[in-house]
Amino acid sequence: ASAIVNVFETGRVRGDYAAIAVLKGDRGHLSYGRSQAALGTGSLLRLLTSYCQLPGATFAADIGRLLPRMQPPIDVTLDQDQAAQALLRQAAQQDPLMRQAQDQFFDENYLVPALRAAESFGVTLPLAQTLIYDSHIQGGWGTLKDRIGPVGSRRQEDWAQSYITL
């Protein structure tokens with residue numbers, strides 16, 4: 001599931017820890033990392049706060065100075081702040097603790113809850129679990145889960161097809 005979502009988000013199976021995306025019209029604004037933590041949702045702030053709290057984090061002081069700009073009201077000029085984006089790229093490329101922070105953050109906040117949700121919905125097929133994980137990453141699970149409901153008496157393949165067509 002992680003590998004598939006990583007390809008969707010960054011074009012790489014293992015993800016691109018230094019990836020930065022700013023898509024015109026995207027309410028998430030600046031997004032960063034292996035599975036694209038977004039400024040607009042607060043997930044980027046949570047990820048970077050976690051990194052800054054790690055003992056020995058090389059770029060903690062510099063990234064720490066960005067954190068107030070990520071708190072409400074969010075400073076969306078970060079979308080174009082080349083120095084801030086270069087710092088984030090550098091942290092991912094040079095500090096293994098940034099990669100560790102991202103792995104832990106995305107697993108704890110998205111993958112594990114997605115797998116729990118899949119279990120509670122009766123979803124055991126890996127590809128169907130990946131749909132749920134992707135919905136957690138994209139932020140749509142809360143809405144979609146109510147529309148599709150648990151597998152119940154349906155075949156999981158039928159459930160997955162219905163989920164995709166929502």
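Q: Start with Phe105: buried or exposed?
A: This is a predicted model, to be clear. Phe105 has 4% relative accessibility, under the 20% cut-off, so Phe105 counts as buried.

Q: And Tyr110, buried or exposed?
A: Tyr110 comes out at 11% relative accessibility, so Tyr110 counts as buried.

Q: How many aromatic pairs are there?
A: The count comes to six aromatic pairs. Take Phe105 and Tyr110: their ring centres are 6.0 Å apart and their planes are at 65°, so the pair is edge-to-face.

Q: Which rings form a cluster?
A: Phe121, Trp141, Trp159 and Tyr163 are linked into a cluster by ring pairs.

Q: On to helices. What is the angle between H2 and H6?
A: About 130°, with the axes of H2 and H6 9 Å apart. H2 spans residues 43-52. That angle makes H2 oblique to H6.

Q: Which hand is the crossing of H2 and H6, left or right?
A: The crossing of H2 and H6 is right-handed.

Q: Which residues make that contact?
A: H2 brings Ser43, Arg46, Leu47, Leu48 and Tyr51. H6 brings Leu97, Met98, Ala101, Gln102, Phe105 and Tyr110. By class, the contact of H2 with H6 has eight nonpolar residues, two polar and one charged.

Q: What about H5 against H6, what angle there?
A: H5 is residues 82-94 and H6 is residues 96-120. They pack at about 95°, axes 5 Å apart.

Q: Why call H5 and H6 roughly perpendicular?
A: Angles of 65 to 115 degrees count as roughly perpendicular. The angle of about 95° therefore puts H5 and H6 in that class.

Q: Which residues touch in H5 and H6?
A: Ala91, Ala92, Gln93 and Gln94 on the H5 side, and Pro96, Met98, Arg99 and Gln102 on the H6 side. The contact of H5 with H6 splits into four nonpolar, three polar and one charged.

Q: How does H6 pack on H7, at what angle?
A: At about 135°, with axes 9 Å apart. H7 covers residues 126-138. H6 is therefore oblique to H7, and their crossing is right-handed.

Q: Which residues meet in H6 and H7?
A: From H6: Phe106, Tyr110, Leu111, Pro113, Ala114, Leu115, Ala117 and Ala118. From H7: Gln129, Ile132, Tyr133, His136 and Ile137.

How values were computed. Residues numbered from 1 in each chain as written. Predicted model: local features only at pLDDT ≥ 70, side-chain atom pairs only at ≥ 80, totals over all residues. Heavy atoms only, no water. Axes fitted to C-alpha atoms, helices over the stretch in contact; angles between N-to-C directions. Helix = DSSP H or I, 4+ residues; strand = E, 2+ residues; numbered from the N terminus. Parallel < 35°, antiparallel > 145°, perpendicular 65-115°, else oblique. Contact = heavy atoms within 4.5 Å. Nonpolar A, V, L, I, M, F, W, Y, C, P; charged D, E, K, R; others polar. Left-handed = near helix turned anticlockwise from the far one by under 90°. Phe/Tyr/Trp six-rings, centres within 6.5 Å; stacked < 30°, edge-to-face > 60°. Buried < 20%, exposed > 50% of the residue type's maximum accessible area, 1.4 Å probe, protein only.
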